[in-house]
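Here is a short tour of the pockets in this protein model. Have the structure open as you read along.

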Amino acid sequence: MDWFEIPVEDVDRAREFYATVLGCEFAVDEDAGGSYPMFTAEDGDVTGALTPVGEHPVGEEGTRVAYTTGDSGPLVYLAVEDLQSALAAVEPAGGEVRAGPQETADGASYGILTDPAGNRIGLMSRGSGSNTS
């Protein structure tokens with residue numbers, strides 16, 4: 001995966017939710033007025049962003065793309081070290097656990113949640129905290 005964007009209605013609330021559930025920090029796109037908190041990978045590369053709902057310009061021709069929240073469409077799984085802890089943090093942070101934890105055939109574990117904006121997001125753990133017991 002190269003890049004992903006999660007549409008959100010309240011950027012500050014979404015940043016707090018994902019920071020709590022994933023235990024992550026965000027880079028900030030100063031060129032965009034600081035309104036796009038960006039997920040970073042372990043190596044420091046930026047991998048995705050929380051994007052405010054609405055229409056955003058794309059390209060030089062003035063094309064606009066609408067961003068809306070929702071629980072259908074592609075499902076992105078975000079990596080977590082400890083799935084149990086991440087899922088336990090979802091509801092206190094304002095989200096809802098929809099499924100999981102569930103173990104895959106290769107020993108990884110996953111869960112599916114809905115964030116406070118109503119987006120369906122998956123969490124995947126391949127680490128020591130991936131067991132479902």
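By class, how many nonpolar, polar and charged residues does the lining of the largest pocket have? The lining has twelve nonpolar, four polar and four charged residues; Ala, Val, Leu, Ile, Met, Phe, Trp, Tyr, Cys and Pro count as nonpolar, Asp, Glu, Lys and Arg as charged, and the others, Gly among them, as polar.

Keep in mind that this is a predicted model, where local features need pLDDT of at least 70, side-chain atom pairs count only at pLDDT 80 or more, and totals for chains, interfaces and linings use all residues. Residues are numbered from 1 along each chain as its sequence is written, and side-chain values use heavy atoms, with hydrogens and water left out.

A pocket here is an open set of points on a 1 Å grid over the protein atoms alone, where a 1.4 Å probe fits, with protein on both sides within 12 Å along at least five of seven lines; lining residues have an atom within 4 Å of a point. Points are joined across faces, edges and corners, and the volume is the space filled by probe spheres set on them.

| Pocket | Volume |
|---|---|
| Largest | about 560 Å³ |

In the largest pocket, 20 residues form the lining, and T40, A41, L78, A79 and V80 lie nearest the centre. Strands (DSSP runs of E, at least two residues, numbered from the N terminus) contribute too: β7 gives the largest share, three residues.

The second largest pocket has a lining with six nonpolar, six polar and three charged residues. Here β1 gives the most, with four residues, and β10 (120-125) supplies at least two.
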